[in-house]
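Please open the structure in the viewer and keep the selection panel at hand.

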Amino acid sequence: RGGAGARRGGKMASTAAGKQRIPKVAKVKNKAPAEVQITAEQLLREAKERELELLPPPPQQKITDVEELNDYKLRKRKTFEDNIRKNRTVISNWIKYAQWEESLKEIQRARSIYERALDVDYRNVTLWLKYAEMEMKNRQVNHARNIWDRAITTLPRVNQFWYKYTYMEEMLGNVAGSRQVFERWMEWQPEEQAWHSYINFELRYKEVDRARSIYERYILFSVLVIVHPDVKNWIKYARFEEKHSYFAHARKVYERAVEFFGEEHMDEHLYVAFAKFEENQKEFERVRVIYKYALDRIPKQDAQNLFKNYTIFEKKFGDRRGIEDIIVSKRRFQYEEEVKANPHNYDAWFDYLRLVESDADADTVREVYERAIANVPPIQEKRHWKRYIYLWINYALYEELEAKASKRTRQVYQACIELLPHKKFTFAKMWLLYAQFEIRQKNLPLARRALGTSIGKCPKNKLFKGYIELELQLREFDRCRKLYEKFLEFAPENCTSWIKFAELETILGDIDRARAIYELAIGQPRLDMPEVLWKSYIDFEIEQEEYEKTRNLYRRLLQRTQHVKVWISFAQFELSAGREERLQRCRQIYEEANKAMRSCEEKEERVMLLESWRSFEEEFGSDTTKERIDKLMPEKIKKRRKLQAEDGSDAGWEEYYDYIFPEDTANQPNLKLLAMAKLWKKQQQESEAAAMDPDKDIDESQT
């Protein structure tokens, strides 16, 4: 540390050598760095810490005579003057100086200090306030007035000066002087609160006419100078008149406000206040007129408060019909906004139409329906038309059921059918509804014509089924046969149609025709549900008690498929045939099925067959047959196989269950190996049990 100090001293001496001659300093012999180095950060930290050390308070000084007092004042003034001389712009030094002089009752000196400070910074608000407060404390009223006059002349936009000045004059009882200050202030067109302060001042002295004239000037500034073009100023003026029972004047103010803002700048708060004023005057019809006038002209998203107050008013003074009207109108406005924003939002149209149907007249409902159906989907894809088509359906149902207009209903159906692009897609429900409508109108030819046109333009399964159902209800069986023929020419793979056609012939008692239809059906090259068709054909032959034909059907079916359910169904049929040899026939079917299923890769199906066979033997078989079927039952074992992912990589192993059938000669070695493994495992378990029990004698052959 000594070496570092010497180096700093040498550097300072070298820099100041050209200016003055310094005494020689003893040279430091050891110029090596000190063992403990001190950084600049440490020096600053130590200096900061020492600043926080509490210094002992100065001793109290007792002044005993005038000379000591004057000496004290001189020293204090010299200190203040030195501080001011160092930095004249620090106003706090001036204020402390002046307040100290004021504490000594040296008012003249304090004034002098404040005046000197104002020469430095006359824009400082705090300086003016302290100066005026000093004069008011010392009851120097004229001096205080002089200071306030200078302040508002120099800084007229500082509202605090005006408030203090008027408050001082009012406290002194100089009402005329305070009013004069307010008038000077209003010439500067101040903010809103200043006008209200002037009005409240006049009202404190019961000067209602003067307050009204101030309001008029205030509103005039709003209209001409556009200083405060705000609705709340008009509302305050009207409430002022209402408070002082000048109801005609208040109504006139509201009317002037409505005229001034017009329809371009309408505000719901003005109309709400106007309506509440009329409500207080018991003018309920005028209230309704005001609300309806505003609701018709103000945008709906800006009139939420208006709706709310109108609803409250109707609940208080209106009847049920009026309340419902306001609620319906509010919801109607909401739906209007939704459909304007997105005309193809059909859900909004449905809600809108449901609302209109419950309240409005027929012409209004028709108008909304026409607007809704005019929004045709822009893309001719059926998924875009599924919601739209219900607009037409609801329109037609409304005309038929509510309006009782059959001609208009027919026009709606025909217009919708003409609009649909039948070459690309159609809606069978529309054709069927139209036909059902014509039937309700007892116009059968038109209904048949509509359905025939639909089948000719755009044949669909649903149209054929609907047309056939209609003719069945009318008991026109020849027409049904012709329709089924057309239907099967259109969709020969539809098994349900073949079954229904055959059932119709069965009901009519024409068994040969029904059998011929089934034969044609099973001879088709492509069917959507062949198993259902074969089952229906077999059930038909069973009902007719044609057992040989049923067996032939089963044999023909087994030539096409060896499915286990077919074999089980065949066996159950033989069991239920009701003859003496039924058990033998059933057991023979199971034998054939078991032989046929040996080559089947689906072992679960073979297991299903054997379980069905075992159930049969348990109910009808002997002990020999039961033992035989038990020997045929497979062994269930757990195996593992390797899995591969889609990209061919190794995906690990999985466990699964496999069946080993005793009849399979290829699996005999596996069965022997499995039996030996089970025997070995049993021996291991017995040896472990014996080892855990030392008291038990263990046979040598077992060990």
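The stops below begin with the whole chain and then turn to individual selections.

This is a predicted model, in which local features need pLDDT of at least 70 and side-chain atom pairs count only at pLDDT 80 or more, while totals for chains, interfaces and linings use all residues. Residues are numbered from 1 along each chain as its sequence is written, and side-chain values use heavy atoms, with hydrogens and water left out.

**Whole chain.** Select everything: the chain holds 35 helices and two strands (DSSP runs, H or I of at least four residues for helices and E of at least two for strands, numbered from the N terminus). Of its 703 residues, 36% are buried (under 20% relative accessible area, 1.4 Å probe, protein chains only).

**Residues 495-507 and 511-522.** Select these as helix α27 and helix α28 respectively; their axes come within 7 Å and cross at roughly 165 degrees (lines fitted to C-alpha atoms over the stretch in contact, with angles from 0 to 180 degrees between N-to-C directions). Helix α27 is therefore roughly antiparallel to α28 (an angle over 145 degrees).

**Thr496.** Next, select Thr496, which lies in helix α27. Its relative accessibility is 30%, so Thr496 counts as partly exposed (between 20% and 50%).

Notes: Parallel < 35°, antiparallel > 145°, perpendicular 65-115°, else oblique.
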